[in-house]
Amino acid sequence: MNIKDIAGICGVSPSTVSKILHGRDADISAATRKRVLDAVKEYQYMPYSKVIRNASYKSNVIGVLMSGEEYGAGELLYAIEQAASDNGYSTILCNTQGDGKRAFRHIHVLQNKKVDGMICISQKRELMQNFDAPVVWVEKGRTENPGENAEAVYYEEEEAGYLAVNYLIEKGHTKISCILSEGDEAVEAGCRRAFQENQLFLNGELIFRGAVEEIREAGLTRYLDMGSTAVVCRDAETGNLVCERLRERGVLVPGNVSVISVRDSALAQKMLPRLTAVHVPFEQLAEAAVGKLLEMTEALPEKYGSF
């Protein structure tokens, strides 16, 4: 973020911004002055002169950019904070809530706060094009090119779908329904791969992908009516709903129908009976993400390969 960016946001010239910041704004209207100062405050803009004075400053702070709606957000953030603390760093969390403009604002605030690096969880690459500190991407699949001054760690969502279906097939199930979310293309691919490798026919009608509301309103009833002996669910919350609906019908879980979630959570561990779920290694992901970042910020020997 520089003076031209502030000027562009406010619809004024860079010289106008400069005058206001240096108290030479007698000829500038109160409304324009307020607009500029509000933008400076919102984006926490640091004038270049201050940047120069602080050029050697090291904050020992890591920025974390994520959406609070992301699966496992709480568990992953806790693990990142712990891994950072173990290495003498603090963290600043910025919740984008899936809003690009909000993310853009957070990034500039963190840059002006001189964080030593950023961990971005399932964020769009173009957001960080002008970020001048190291970045580690945490993603749901392999990344070919993380970009300049960047690294990536990932877990394979496709593998989660594969493991869930393969587990059920090993237990003797062949008619398996899959209730997934709209963004679960990789999970579905893993489910299909498990059927193919076991030389089993997969009825496409048994796979449902939709929004959470659609799952609640139509997906559960439709797919439970198909007589499947096992159900793969997008997460533990959906698994809990499936189990409730089955119990309402007098169906025993896991006696008559088996249910598995492709994503583990605290809820899965608390359910009775406990819900079978594919474990996502949040602690290892966090340790690898923080480790990769420190390798770049502190020029440490490489310890973490692709995760």
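Reader: Which way do S258, V259, I260 and S261 point from strand β9 (residues 258–261), and are they buried or exposed?

Author: S258 and I260 point one way, V259 and S261 the other. In a regular strand, side chains alternate between the two faces of the sheet. All four residues are buried, that is, under 20% relative accessible area with a 1.4 Å probe and protein chains only (exposed is over 50%, partly exposed in between). This is a predicted model, in which local features need pLDDT of at least 70 and side-chain atom pairs 80 or more, while totals for chains, interfaces and linings use all residues. Residues are numbered from 1 along each chain as its sequence is written, and side-chain values use heavy atoms, with hydrogens and water left out.

Reader: What makes β9 and strand β8 (residues 230–233) a pair?

Author: Two strands pair if DSSP finds at least two bridges between them. β8 and β9 have four, in the parallel sense, so they pass. One of the bridges has C233 with S261 as its partner in β9. The chain gets from β8 to β9 through helix α10 (residues 236–248).

Reader: Why is that β-α-β crossover called right-handed?

Author: With the strands pointing away from the viewer, the path from the first strand over the helix to the second runs clockwise, and therefore the name applies. The path here goes from β8 over α10 to β9. Another right-handed unit is made of β6, helix α8 (residues 185–197) and β7.

Reader: Which strand pairs with β9 over two bridges?

Author: That is strand β10 (residues 276–277), again in the parallel sense, with T276 standing opposite I260.

Reader: How do you know that strand β6 (residues 176–181) is mostly covered?

Author: Six of its six residues are buried. I176, C178 and L180 lie on one side and S177, I179 and S181 on the other. β6 also pairs in parallel with β8 over four bridges, and S177 has V231 as its bridge partner there. Four bridges join β6 to strand β7 (residues 207–210), also parallel, and L180 stands opposite R209.

Reader: What counts as a helix or a strand in this chain, and how many are there?

Author: Helices (H or I, at least four residues) and strands (E, at least two) are DSSP runs, numbered from the N terminus. The chain comes to 12 helices and 10 strands.

Reader: What makes one space a pocket and another a cavity?

Author: On a 1 Å grid over the protein atoms alone, a cavity is a set of points where a 1.4 Å probe fits but cannot get out; a pocket is an open set with protein on both sides within 12 Å along at least five of seven lines, and lining residues have an atom within 4 Å of a point. The largest pocket holds about 680 Å³, the space filled by probe spheres set on the points, which are joined across faces, edges and corners. E69, E70, Y71, K140 and R234 are the closest to its centre among 31 lining residues. The structure also holds two cavities of 30 Å³ or more. About 80 Å³ lies in the largest cavity, where E70, Y71, L76, I121 and Y155 are the closest of 14 lining residues to the centre. The second largest cavity has about 40 Å³, and its lining includes Y71, Y155 and R263.
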